[in-house]
Amino acid sequence: MNGFFRLRRQQPVLPEEITLEIDGREQRIVLRGNPQARRYILRVPPDGGAPVLTVPKGGTLATARDFAQRQRGWLAGRLGERPEAVPFAQGGVIPLRGAAHRIVAAGGLRGLVRAEPAPEPEDDEVGRLLVPGAAEHIARKLTDWLKREARRDLERAVAHHAAALGRTPSALTLRDTRSRWGSCTSDGRLSFSWRLVLAPPSILDYVAAHEVAHLAEMNHGPRFWAHCRRLAPHTEEARDWLKREGGRLHLYG
């Protein structure tokens, strides 16, 4: 073989995750290769997801494991500080449109989920979410109900902002994504996280306005932000809230 051809060393294929024993329990750690990264980086998402270890270009599985092992103490501390997940089960307290509600098994075989606000806003008591049926079906029934409520709130907010902008979306769908609260495609299809119904109404309103603004500007340039702030004057406050508190919405359910 002449010298015009050289063999290129291929980047080793990393597994999707590794496990690490912390305080006697196995902890998943997601591996993400990043050719732009210059070093190994371990972070703990605030939304209850598994820790993520970024592996730089040229990184190896053995080095990633060694790095994670050396960070066990730090990782245990961060995981210990993170709020516990709250399942959709009897007695759990979750937010609904920003207000705390306790999940209550209402009994009976039929009926719809009902939301009862707290007796007095200034009291320590919280509202109630009355879920009919057997306890083992609470999670499914409550999730389905929250999605319907989210769709109703989002359809109303989108219709309001779209009318103000003079645009019409082609579709509205709900998802449960961790990476974004909403999206807009070039053909006008809007998608939102159903978990926005857990946040204060102003937050859902901002996300709806943000995606509607993309119907006019498919970018994040000055004209886009002008549309967004006109539709939602509370844009800055809502963005700050999502950065600070948004991850917690994924702890429920």
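Reader: What is the order of the four strands in the open sheet with mixed pairing?

Author: This is a predicted model, in which local features need pLDDT of at least 70 and side-chain atom pairs count only at pLDDT 80 or more, while totals for chains, interfaces and linings use all residues. Residues are numbered from 1 along each chain as its sequence is written, and side-chain values use heavy atoms, with hydrogens and water left out. Helices (H or I, at least four residues) and strands (E, at least two) are DSSP runs numbered from the N terminus, and two strands pair if DSSP finds at least two bridges between them. The pairing in this open sheet is mixed, and the order of its four strands is β5-β6-β8-β7.

Reader: Which strands stand at the edges of that sheet, and why is one side of each left without a neighbour?

Author: An edge strand here has a single partner strand, so one side of it is left without a neighbour in the sheet. The strands in this position are β5 (93–96) and β7 (114–116).

Reader: At what angle to β8 does helix α3 run?

Author: Helix α3 (residues 138–165) lies across β5, β6, β7 and β8 (127–132), where contact means heavy atoms within 4.5 Å. Axes are lines fitted to C-alpha atoms, for helices over the stretch in contact, and angles run from 0 to 180 degrees between N-to-C directions. Relative to β8, α3 runs at about 115°.

Reader: How far does α3 reach from its first C-alpha to its last?

Author: The expected span of a helix is 1.5 Å times one less than its number of residues. With 28 residues, α3 is expected to span 40 Å, and its reach is close to this, at 40 Å.

Reader: How is the ring pair of Tyr40 and Phe67 classed?

Author: Rings of Phe, Tyr and Trp (its six-membered ring) pair if their centres lie within 6.5 Å, and planes under 30 degrees apart count as stacked, over 60 as edge-to-face and the rest as tilted. By this rule there are two aromatic pairs. In the pair of Tyr40 and Phe67 the centres are 5.7 Å apart and the planes lie at 25°, so this pair is stacked.

Reader: Which parts does that pair tie together?

Author: The two parts are 27 residues apart in sequence. Tyr40 and Phe67 tie together the loop between β2 (25–34) and β3 (41–43) and helix α1 (residues 61–70).
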